[in-house]
Amino acid sequence: MDYGFIRVASAIPSLRVADCSFNANEILRLMEEASNNHSSIICFPELSITGYTCGDLFSQQLIIEESLNALMWITNNNTSDIIAIIGLPLEIDNALYNCAVTIHKDKIIGVVPKTFIPNYKEFYEQRWFETSKSLRSDKLNLFGQIVPISRNLIFRLKNSEGIAKAKFGIEICEDLWAPIPPSCHLALSGADIIFNLSASNDIISKNTYLKSLISQQSARCISGYVYSSCGFGESTQDLVFGGKAFIYENGSMIKEAERFQMSEQIIYGDIDVERLSTERRCNTTFAASINSANSYLPQTVYADINLSPIKEKEPAELYRTINPHPFVPSGAALDERCEEIFSIQVMSLAKRVQHINAKSLVIGVSGGLDSTLALLVCAKTMDKLNRSRGDIIGITMPGFGTTGRTYNNAIALMNELGVTTREISIVEACKQHFKDIGHDINNHDVTYENCQARERTQILMDVANQENGLVVGTGDLSELALGWATYNADHMSNYGVNCSIPKTLVKHLVVWVAANSMDPKARNTLNDIVDTPISPELTPADELGNIKQKTEDLVGPYELHDFFLYNFLRLCYRPRKIYYLARKVFDNEENKGNKGYGGKPSYYDGETIKKWLMVFCKRFFTQQFKRSCLPDGPKVGSVSLSPRGDWRMPSDASYAEWIKECESL
């Protein structure tokens with residue numbers, strides 16, 4: 001599959017304990033089904049050919065030989081183009097090992113024995129099986145094929161052009177529960193995906209703990225993690241196996257099987273190996289940890305899988321969730337996120353106020369979203385410092401484009417919050433400036449607009465000097481990414497509290513504060529501000545006094561730009577992949593009529609996405625000079641454009657390669 005995705009499958013087959021022929025038939029059938037669904041790798045449960053609960057039957061020669069015959073039957077009858085990882089017992093040098101056998105078509109690629117053999121409670125595996133550490137050879141003869149056998153195997157996949165796509169490793173059940181699982185060493189040695197063949201019974205709370213364990217391990221290893229455990233057919237005597245299958249990527253679940261089902265299941269997931277590679281490359285701790293694995297270097301087995309032409313085409317469906325609003329979580333997580341971010345903003349500003357002994361906070365209040373959030377932060381900061389909100393000087397500065405709606409909301413909000421309110425019109429000052437520089441006031445060009453922005457910043461800075469205060473900036477992360485700020489105007493402040501908060505999240509923060517900290521009157525004002533179109537209001541309103549200059553008409557929808565920003569900056573995707581993912585979530589007829597910015601995304605067709613992606617790339621590169629001299633401000637998330645650590649980019653870098661790829665879309 002293109003775009004760096006590898007489709008994997010985790011299977012819970014129908015099973016009869018000790019019936020190797022039946023189990024082999026079910027395994028082969030699910031292999032074909034997964035291959036037809038364009039999967040590259042499928043994982044089956046531990047001891048899936050015999051069943052896990054055979055007990056002392058594992059000592060029977062019949063079981064040992066029939067499991068081998070079943071494996072041979074699978075390889076001889078396999079016509080699917082898929083790598084399968086199958087569990088069975090193998091007798092080696094007069095000892096029995098619990099093994100994962102990897103096959104591709106009619107070839108056995110490698111064998112991985114279980115390392116940590118439990119011997120407690122209901123699991124007495126040491127009664128039958130030896131640990132992988134007991135192996136005396138790294139080769140095994142299976143059906144005339146000389147096959148590598150080791151706990152340290154890494155399998156490398158290639159596409160039909162011979163280009164390496166991914167590497168994977170294998171561990172078995174209890175291995176994951178060890179203090180240092182084999183997957184740690186496998187990941188440090190290059191495995192992008194870990195497969196776990198398991199047989200885990202169900203008891204109260206075990207499933208929750210297991211998911212936490214897999215999530216943490218996939219995050220620690222910066223890997224995909226595919227887990228398959230046996231289901232209904234394995235249940236016997238005191239043990240119930242409900243069937244657990246999970247696919248994780250770097251701590252996040254992609255897919256989970258439904259437990260306690262009577263029939264077999266397959267779950268699918270598209271693991272983004274390209275993303276994992278980027279995460280590892282950027283994580284210096286991961287790179288430094290590789291040195292500790294030098295004494296445990298796995299043997300690499302090259303499994304050159306030739307993907308069929310169908311598999312290499314763009315899939316109609318992607319088996320993973322693509323968040324159209326990656327900065328905005330859903331459900332209860334959104335409230336938690338808003339509370340945490342708002343607290344970070346407040347504590348950071350409180351520290352700066354205390355450190356410089358500022359007597360006041362000076363802020364421009366426009367009646368728009370960004371200045372509203374910044375003002376709310378200021379109010380809460382003063383509460384935190386046990387100071388009067390009267391020490392906040394909120395200044396509204398109406399200009400040529402100020403509308404009644406934003407003006408009234410600005411005044412109302414400042415009064416409701418109890419801050420010191422000032423109104424200073426910039427109209428006459430700007431007219432005088434136009435006269436001084438010889439600019440026609442009827443020419444509403446960039447000079448006309450930026451004059452107003454700089455006049456407002458001059459007022460704020462001078463009032464701060466008068467009042468021994470600190471100018472609080474209001475610009476957000478999305479504006480910084482696009483350079484949508486007037487240089488040395490709203491671009492500048494003494495401390496920018498919104499600097500790492502994207503526009504799509506600003507709205508939710510204001511709504512959260514309104515719902516959790518405001519009386520009904522202030523809440524109504526805040527809700528109206530949220531519903532107001534985003535605008536710098538630098539050109540005159542229309543004949544009805546409504547906002548005429550709408551930011552998103554000029555620079556593009558922030559819903560798209562925040563999606564581009566996250567995937568470009570956090571995941572380092574190239575334009576082609578960003579465009580592909582954007583079309584998956586936005587170019588959908590079901591989106592028509594949605595408001596976006598949370599919940600379901602808005603609708604944008606491919607040409608619209610391409611247009612604004614090109615705008616994003618050009619503006620991101622050409623506006624770097626504005627980000628190179630940003631004032632201080634709190635980092636609240638994993639995406640930040642601070643020049644002091646998070647984003648260091650030359651101001652004169654060329655965007656040619658990015659635009660070239662955009663044009664080819």
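How are α9 and α10 oriented to each other? The points below take this up along with the cores and N567.

1. Basis. This is a predicted model, in which local features need pLDDT of at least 70, side-chain atom pairs count only at pLDDT 80 or more, and totals for chains, interfaces and linings use all residues. Residues are numbered from 1 along each chain as its sequence is written, and side-chain values use heavy atoms, with hydrogens and water left out.

2. α9 and α10. Helix α10 covers residues 404-417; its axis lies 11 Å from that of α9, at an angle of about 10 degrees. The two helices are therefore roughly parallel to each other (angles under 35 degrees count as such). Axes are lines fitted to C-alpha atoms, for helices over the stretch in contact, and angles run from 0 to 180 degrees between N-to-C directions. Helices are DSSP runs (H or I, at least four residues), numbered from the N terminus.

3. Their interface. T372, L375 and L376 of α9 meet L413, M414 and L417 of α10. Contact here means heavy atoms within 4.5 Å. By class there are five nonpolar residues, one polar and no charged. Nonpolar covers Ala, Val, Leu, Ile, Met, Phe, Trp, Tyr, Cys and Pro; Asp, Glu, Lys and Arg are charged; the others, Gly among them, are polar.

4. α8 and α9. Helix α8 (residues 332-356) and helix α9 (residues 369-384) cross at roughly 65 degrees, with axes that come within 9 Å. The crossing is right-handed (the near helix is turned clockwise from the far one by less than a right angle). Contributors include F342, M347 and L349 from α8, and L373, L376 and K384 from α9. The contact residues divide into nine nonpolar, two polar and two charged.

5. Cores. A nonpolar core is a set of buried Ala, Val, Leu, Ile, Met, Phe, Trp, Tyr and Cys residues joined through side-chain atoms within 4.5 Å. The largest has 89 residues, and L349, F564 and F620 have the most contacts inside it. Its largest share, nine residues, comes from α9. Beyond neighbours within four places in sequence, F564 is in contact with residues including I578, W612 and F616. A second, separate core has 35 residues, among them L88, V101, V147 and Y268.

6. N567. This residue is found in helix α17 (residues 558-570). N567 has 6% relative accessibility and counts as buried (under 20% relative accessible area, 1.4 Å probe, protein chains only). Not counting residues up to four places away in sequence, N567 touches C572, Y573, I578 and L581.

Key:
Buried means under 20% relative accessible area, exposed over 50%, partly exposed in between (1.4 Å probe, protein chains only). Angles under 35 degrees count as roughly parallel, over 145 as roughly antiparallel, 65 to 115 as roughly perpendicular and the rest as oblique.
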